Amino acid sequence: MNARHLAAGAALVAAIVTGVAVSAGDAAVPYPAGYRAWQHVKSMVIEPGHALYAAFGGIHHLYANEKAMEGYASGHFQDGAVIVFDLLETVSADHAVTEGKRKVVGVMHRDAKKYAETGGWGFEGFAGDSTTERAVGAKAASACFSCHAPQKDHEYVFSRYRP
Ligand code: HEC
């Protein structure tokens with residue numbers, strides 16, 4: 001992770017911590033209703049000491065809707081593809097790590113025209129268990145896209161699907 005990644009991570013933390021009220025206009029990324037029933041792509045635990053712990057510490061699971069699954073397979077994500085980054089706290093006890101409270105539901109929503117400025121993806125974060133409290137809003141370019149930008153050859157998606 002380079003300095004730019006860290007700065008972007010810090011911007012995200014600031015956005016989440018201050019709970020900036022963001023107006024939901026036409027370009028607002030919809031809450032990904034029902035994503036827990038979508039395809040699970042992968043999971044990852046980010047522990048204390050990792051450069052991104054402040055922003056992404058905990059356990060996250062990635063979920064993809066059908067169009068996003070087609071995108072993982074073909075390398076091209078069509079409009080309507082949605083990928084969710086479901087981040088929860090971790091709880092360590094009795095030599096086991098389990099899920100704690102949900103921290104944020106991160107979303108990438110594909111619409112090449114609407115979100116042209118951020119690589120064709122609308123980025124949003126819904127705070128905790130809220131389906132309406134937006135943590136990113138107009139800050140998508142600096143808080144999210146700046147770090148995803150180096151993944152241009154993969155249409156700005158970091159993860160790969162493991163069959
Ligand atoms: C500092 C870098 C960084 C920032 C900032 C960042 N991301 Fe990511 N994001 C990643 C990495 C790395 C992954 C891959 C995680 C994995 O493989 O489990 C990822 C994965 C994702 C995914 C799953 C699709 C993919 O690309 O693999 C979504 C959705 C996502 N991020 C949303 C967001 C949102 C929304 C924001 C802004 C609130 C954001 N990200 C900010 C680094 C970042």
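**Notes on the sheet and the ligand shell**

1. Let me start at a turn. The hairpin of β3 and β4 has two residues between its strands, and Asp94 there takes a positive phi near 55 degrees. Strands here are DSSP runs of E with at least two residues, helices are runs of H or I with at least four, and both are numbered from the N terminus.

2. A word on the model before going on. It is predicted, with local features needing pLDDT of at least 70 and side-chain atom pairs counted only at pLDDT 80 or more, while totals for chains, interfaces and linings use all residues. Residues are numbered from 1 along each chain as its sequence is written, and side-chain values use heavy atoms, with hydrogens and water left out.

3. Now the whole sheet. Five strands form an open sheet in the order β1-β2-β3-β4-β5, with antiparallel pairing; two strands pair if DSSP finds at least two bridges between them. β1 (39-46) and β5 (121-127) are at the edges with a single partner strand each, so one side of each has no neighbour in the sheet. On average, neighbouring strands are turned by 25 degrees against each other, direction ignored. The axes behind such angles are lines fitted to C-alpha atoms (for helices, over the stretch in contact), and angles run from 0 to 180 degrees between N-to-C directions.

4. Going through the pairings, β1 and β2 (residues 58-64) are joined antiparallel over seven bridges, and Val45 has Ile59 of β2 as its bridge partner. β3 and β4 share 11 bridges, again antiparallel, with Thr98 in β4 as the bridge partner of Val91. Between β4 and β5 there are seven antiparallel bridges, and Met108 stands opposite Phe123 in β5.

5. Helix α3 (residues 66-74) is worth a look too. It lies across β1, β2 and β3 (82-93), at about 95 degrees to β2, where contact means heavy atoms within 4.5 Å.

6. Which protein atom is the donor to the iron of the ligand? The single one is NE2 of His148, 2.2 Å away, and His148 lies in helix α4 (residues 140-148). Donors are N, O and S atoms within 2.8 Å of the metal (3.2 Å for Na, K and Ca), and sites may look incomplete because water is not among the atoms.

7. The shell around the ligand has 25 residues, of which Lys42, Cys144, Cys147, His148 and Ser159 come nearest; a residue is near if one of its heavy atoms lies within 4 Å. The shell divides into 18 nonpolar, five polar and two charged residues. At least two residues come from each of α1 (3-18), β1, β2, β3, β4 (96-110), β5 and α4.

Note on methods
Nonpolar A, V, L, I, M, F, W, Y, C, P; charged D, E, K, R; others polar.
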